[in-house]
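Q: Please take a close look at the charged side chains. I would like one connected account of where they sit and how they pair.

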Amino acid sequence: SAQCRDERGEEACMICMEGVPEPNNDIVYCDGCGVCVHQSCYGGDILQDVPDDEWFCQACAANEKDRRCVLCPVQHGPLKRTDDGRWAHVGCMHYIPETCAGDVCLQEPVCGIHEVDPK
């Protein structure tokens with residue numbers, strides 16, 4: 001996917017926009033939507049081990065059709081559940097100071113949504 005490439009055309013994580021920085025931190029592709037993320041950037045079930053067969057991001061695993069980030073207008077990308085049941089990009093969570101991950105290793109749920117000024 002073109003979205004999984006940096007400016008040099010090399011494979012890159014859609015969260016940190018970097019390539020593979022270290023061993024045991026592979027870039028994993030969602031077999032549903034094509035999202036590509038480092039194990040450590042996305043967290044969750046791929047944090048310890050990359051599946052041998054298929055892997056689906058949280059939104060695909062939940063068969064979610066309405067993939068809107070509550071923090072930005074972009075619909076595609078690496079999403080995680082918020083603590084109120086909606087969706088937010090992992091990147092938005094790190095960028096917006098009022099939000100954070102409830103569990104830093106798992107990178108979920110996205111907390112602090114209610115603290116964000118809607119403007």
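**Charged side chains**

A: Glutamate 10 counts as partly exposed because its relative accessibility is 43%, where buried means under 20% relative accessible area, exposed over 50% and partly exposed in between (1.4 Å probe, protein chains only). The model is a predicted one, in which local features need pLDDT of at least 70 and side-chain atom pairs count only at pLDDT 80 or more, while totals for chains, interfaces and linings use all residues. Residues are numbered from 1 along each chain as its sequence is written, and side-chain values use heavy atoms, with hydrogens and water left out.

Glutamate 10 belongs to the segment that precedes strand β1 (27-29); strands (E, at least two residues) and helices (H or I, at least four) are DSSP runs numbered from the N terminus. Leaving aside residues up to four places away in sequence, glutamate 10 touches Cys4 and Arg5, a contact being heavy atoms within 4.5 Å. From glutamate 10 to tryptophan 55 the separation is 45 residues in sequence and 22 Å in space, C-alpha to C-alpha.

A salt bridge is taken as a side-chain nitrogen of Lys or Arg within 4 Å of a carboxyl oxygen of Asp or Glu, and by this rule the count comes to six. One of them joins aspartate 84 to arginine 86 at 2.8 Å, N to O; aspartate 84 is partly exposed at 42%, as arginine 86 is at 40%.

In another pair, arginine 68 meets aspartate 66, with the closest N and O atoms 3.0 Å apart; arginine 68 is exposed at 51%, whereas aspartate 66 is partly exposed at 38%. The closest N and O atoms of glutamate 108 and lysine 80 are 2.5 Å apart in their salt bridge. Since glutamate 108 lies in strand β6 (residues 108-111) and lysine 80 in strand β3 (residues 79-81), this pair ties together parts that are 28 residues apart in sequence. Lysine 80 is buried, at 1% relative accessibility, while glutamate 108 is partly exposed, at 22%.

Elsewhere on the surface, Asp31, Asp49, Asp52, Asp53 and Glu54 form a patch of negative charge; patches are made of residues with over 30% relative accessible area and no salt bridge, like charges being joined within 9 Å and nonpolar side chains (Val, Leu, Ile, Met, Phe, Trp, Tyr) within 5 Å. Aspartate 52 sits in the loop between α1 (39-42) and α2 (58-61) and, at 83% relative accessibility, counts as exposed.

Conventions: Accessible areas come from the Shrake-Rupley method with a 1.4 Å probe; for residues, only the protein chains shown count as cover. Lys and Arg count as positive and Asp and Glu as negative; His and the chain ends are not counted. The place of a charge is taken as NZ of Lys, CZ of Arg, CG of Asp or CD of Glu.
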